[in-house]
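Please keep the sequence and the model in view while reading.

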Amino acid sequence: IFKKGKERLSLGEIIPISQEIVSILKKVPGVEQVIPAGSVRRWKETVGDLDILVISKNAAKIMDVFTKMPSVQRVLAKGGTKSTVILKSGLQTDVRVLEKRSFGAALNYFTGNKDHNVALRRIAIEKGYKLSEYGLFDRKTNRFVAGRTEEELYKRLGLPYVEPELRENRGELNAARNAALPNLIKLKDIRGDFHMHTRASDGTNTIEQMAGAAQELGYEYICISDHSKTTAVAHGLNIEQLEKQIIEIRKLQRQFKIKILAGSEVDILRSGELDFPDDTLKKLDVVIGSVHSGLKSSQEKMTARIVAALQNKYLDILGHPTGRLINRRNPYDVDLKRVFDAAAQNKKIMEIDAHPARLDLKDEHILLAKQFGLKFAIDSDAHSTDQLKLLNFGVHTARRGWLEAKDVVNTYKFSELKRFLH
């Protein structure tokens, strides 16, 4: 029996794989559209398999190209319009070639999730239709009524379009019926990034290089936030080094249009105190407090530690609030309701760490934090210039948590942002 390797791959592993397959299939003559469906289209943090849907008049050619890709380890099935392979990464991947007429219905069906699809089919039945991957049909006459695009499908069911990230059966169809869907945040809403590391701690680029790369991305501001001294493995900065860095940032500012803020990712110590004294913290523009040690503490200890840190008036953002590493390390045991409550009382910002190894906060925790009225910062946690682009993963995670631009402080103009930070 062929074993499928790791059961589920992380989004960081899967997005490049799916993009590569899409670009190979798009080059086949006669191809009109190629879209990855399934949980990768919903930007779910881990993915079990990959479904790719294609519109083309030349299905046989697509099947040939797909099954002979260099990344294929084994062909499980090759048919006229559908083939299944196991990739070298262990990922099972299906490609289906569809008619133009039913592409929207198939895309909807294969994007899922299953519970969302069941609920949508129920709405179709109430309205006298039947819905399948082939289209929306009149139940009495069997006449095709919609299915070319997903938008057409939802509209025919009397609903606004539901974005793929929301299709988890968490109340999105009720919200759609009541015209209460969120206007989800988009990558282009982001104006800056607060969490990045330079060569001074465990990053690979200089402040200048990070600022230059962020300026090219069109950002208005960034914050340099190297580690504090207790995180020795990451070459954290001591007080003297941090104060030198603040001076360097202020000097460099003259060369750049982008605003460069001086910050630090400060360790939250086991006592709940921050790794720098208040005298040092108050010199910084942005203070991110993160837990990096004692990850196996009891829930009571960990919660008390974080709640104590949230009471420090100089802390702005709680960094990667559950400490997890996807497929590698479980989150630490913490009572998030108590954390969110303390954060709301002290007007602190929750981080959505966009690094695909973290995606922390995760979607359901974002939904919960939003109920406490909290604001969020989507940060790349970049350790190099190219990792600044990972911010996109955080935006999609925020969308899965129903966030709008107004919920996220790094969509604010710099002038608005200043009153938000300590």
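**Salt bridges**

In this predicted model, Arg170 has a relative accessible area of 31% and is therefore partly exposed. Its side chain meets that of Glu364 in a salt bridge, with an N to O distance of 3.9 Å. Arg170 belongs to the loop between helix H6 (150-156) and helix H7 (172-177), while Glu364 is part of helix H13 (residues 363-371), so the pair ties together parts that are 194 residues apart in sequence. Glu364 is likewise classed as partly exposed, at 39% relative accessibility.

Side chains of opposite charge can pair when their charged atoms come close. A search of the whole structure finds 26 salt bridges. One of them joins Glu45 and Arg324. Glu45 sits in the loop between helix H2 (38-41) and strand S3 (46-47), and Arg324 in the loop between strand S15 (317-318) and helix H12 (336-345); the pair therefore ties together parts that are 279 residues apart in sequence. Glu45 counts as buried at 19% relative accessibility, because the limit for that class is under 20%. Arg324, at 7%, counts as buried too.

A further salt bridge connects the side chains of Asp275 and Lys229. This pair links distant parts of the chain, 46 residues apart: Asp275 is in the loop between strand S13 (259-267) and helix H10 (278-281), and Lys229 is in the loop between strand S12 (221-224) and helix H9 (239-252). Asp275 is buried at 4% relative accessibility, whereas Lys229 is partly exposed at 37%.

| Salt bridge | N to O distance |
|---|---|
| Glu45 and Arg324 | 2.8 Å |
| Arg170 and Glu364 | 3.9 Å |
| Asp275 and Lys229 | 3.3 Å |

**A sheet and its helices**

Five strands form an open sheet in the order S2-S4-S7-S6-S5, and their pairing is mixed. Strand S2 (31-36) and strand S5 (72-78) are at the edges with a single partner strand each, so one side of each has no neighbour in the sheet. From one strand to the next, the twist averages 20 degrees. The partner of S2 is strand S4 (residues 49-56), and the two pair in the antiparallel sense over five bridges. Within this part of the sheet, Val34 stands opposite Val54 in S4.

Two helices pack on this sheet. Helix H3 (residues 59-67) touches S2, S4, S5, strand S6 (82-87) and strand S7 (92-98), and its direction makes about 165 degrees with that of S7. Helix H4 (residues 103-111) touches S2, S4 and S7, and its direction makes about 175 degrees with that of S4.

Thr198 is found in the loop between strand S11 (192-193) and helix H8 (207-216). Is this residue, Thr198, buried or exposed? With a relative accessible area of 2%, Thr198 is buried. Apart from its neighbours within four places in sequence, Thr198 is in contact with Gly203, Asn205, Thr206, Ile207, Met210, Ile224, Asp226 and Gln245. With Asp226 there is also a polar contact between the two side chains, at 2.7 Å. The C-alpha atoms of Thr198 and His383 are 6.5 Å apart, although 185 residues separate the two along the chain.

Key:
Residues numbered from 1 in each chain as written. Predicted model: local features only at pLDDT ≥ 70, side-chain atom pairs only at ≥ 80, totals over all residues. Heavy atoms only, no water. Pairing = 2+ DSSP bridges. Helix = DSSP H or I, 4+ residues; strand = E, 2+ residues; numbered from the N terminus. Axes fitted to C-alpha atoms, helices over the stretch in contact; angles between N-to-C directions. Contact = heavy atoms within 4.5 Å. Salt bridge = Lys/Arg side-chain N within 4 Å of Asp/Glu carboxyl O. Buried < 20%, exposed > 50% of the residue type's maximum accessible area, 1.4 Å probe, protein only. Polar contact = N/O pair within 3.5 Å; in protein donor to acceptor, adjacent residues only side chain to side chain.
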